Amino acid sequence: MHKAHVSQEKKQEVKQIEDLIRSYKSFGIINLTGLPSASMQSLRSKLKPRALIRTTKKSLIKIAINNLKGQKQNIEALIPPLENCMPALVFTNDNPFKISNQINKNKTPSPAKPGQIAPKDIIVQAGPTQFVPGPIIGELAQVGIKTAIESGKLSIKEDVTLVKKGQEISKKVSETLAKLSIMPMEIGINLVCMYED
């Protein structure tokens, strides 16, 4: 059977990942899918003295984890979470919960794009808007938002769930959310899992 050729450079990278896993008390996998590089840089600097973030190829992370199976208990449990993400590794000697909190705190709201999956129920709440009556009434009605006119402005009559958690966001809904200045998405790093000795 033909064995895949692993370049010297890749072997070195795998060895460095293994050394980092051995030398830190805990490490985790973070998902960088859809993350602007500016957000990544800002998080890197915020975590700096307490944690090290290392971006590398998914295949090399898998090789390093497999190589450490005998030395680190249950480390292979970290392989399945790698599948559906664009991973990077985070290493720390600090409390993993503190690091996890800091990563989660660094999320910023962002508008919904068509085709994205709703992370939670997206609800438009009843109340006044800044809109004057016009074509907007029809646009809101198309996505199921009932309105009334109060003191010359449009008012949303009742709370409405536009998208349920886990559903895809349509173009029409994303345009409506943008008009209403609702930013249901979050840009930031998602911590997929942490491994602690």
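This report looks at one strand, its partners and a group of aromatic rings.

## Before we start

Keep in mind that this is a predicted model, where local features need pLDDT of at least 70, side-chain atom pairs count only at pLDDT 80 or more, and totals for chains, interfaces and linings use all residues. Residues are numbered from 1 along each chain as its sequence is written, and side-chain values use heavy atoms, with hydrogens and water left out.

## A strand tucked inside

Let's begin with strand β3, which covers residues 87-92. Helices (H or I, at least four residues) and strands (E, at least two) are DSSP runs, numbered from the N terminus. Six of the six residues in β3 are buried, so the rest of the structure largely encloses this strand. Here, buried means under 20% relative accessible area, exposed means over 50%, and partly exposed is in between (1.4 Å probe, protein chains only).

In a regular strand, side chains alternate between the two faces of the sheet. Both faces of β3 are covered: P87, L89 and F91 are buried on one side, and A88, V90 and T92 are buried on the other.

## Who sits beside it?

Two strands count as paired if DSSP finds at least two bridges between them. Strand β1 (residues 26-31) pairs with β3 in the antiparallel sense over six bridges, and I29 stands opposite L89 of β3. Strand β2 (residues 51-55) also pairs with β3 in the antiparallel sense, over five bridges. There, I53 has V90 as its bridge partner.

Now take S26, which is found in β1. S26 is buried, with a relative accessible area of 1%. Leaving out residues up to four places away in sequence, S26 touches several residues, including V90, F91, T92 and Y195; contact means heavy atoms within 4.5 Å.

## Rings that meet

Rings of Phe, Tyr and Trp (its six-membered ring) pair if their centres lie within 6.5 Å; planes under 30 degrees apart count as stacked, over 60 as edge-to-face and the rest as tilted. By this rule the count is three aromatic pairs. In one of them, Y24 and F91 are tilted, at 5.7 Å centre to centre with 35° between the planes. Y24 lies in the loop between α1 (8-23) and β1, while F91 is in β3, so the pair ties together parts that are 67 residues apart in sequence. Y24 is partly exposed at 23% relative accessible area, whereas F91 is buried at 0%.

F27 and Y195 form another tilted pair, 5.8 Å centre to centre with 45° between the planes. F27 belongs to β1 and Y195 to β11 (residues 190-196), so this pair ties together parts that are 168 residues apart in sequence. Both F27 and Y195 are buried. Ring pairs link Y24, F27, F91 and Y195 into a cluster.
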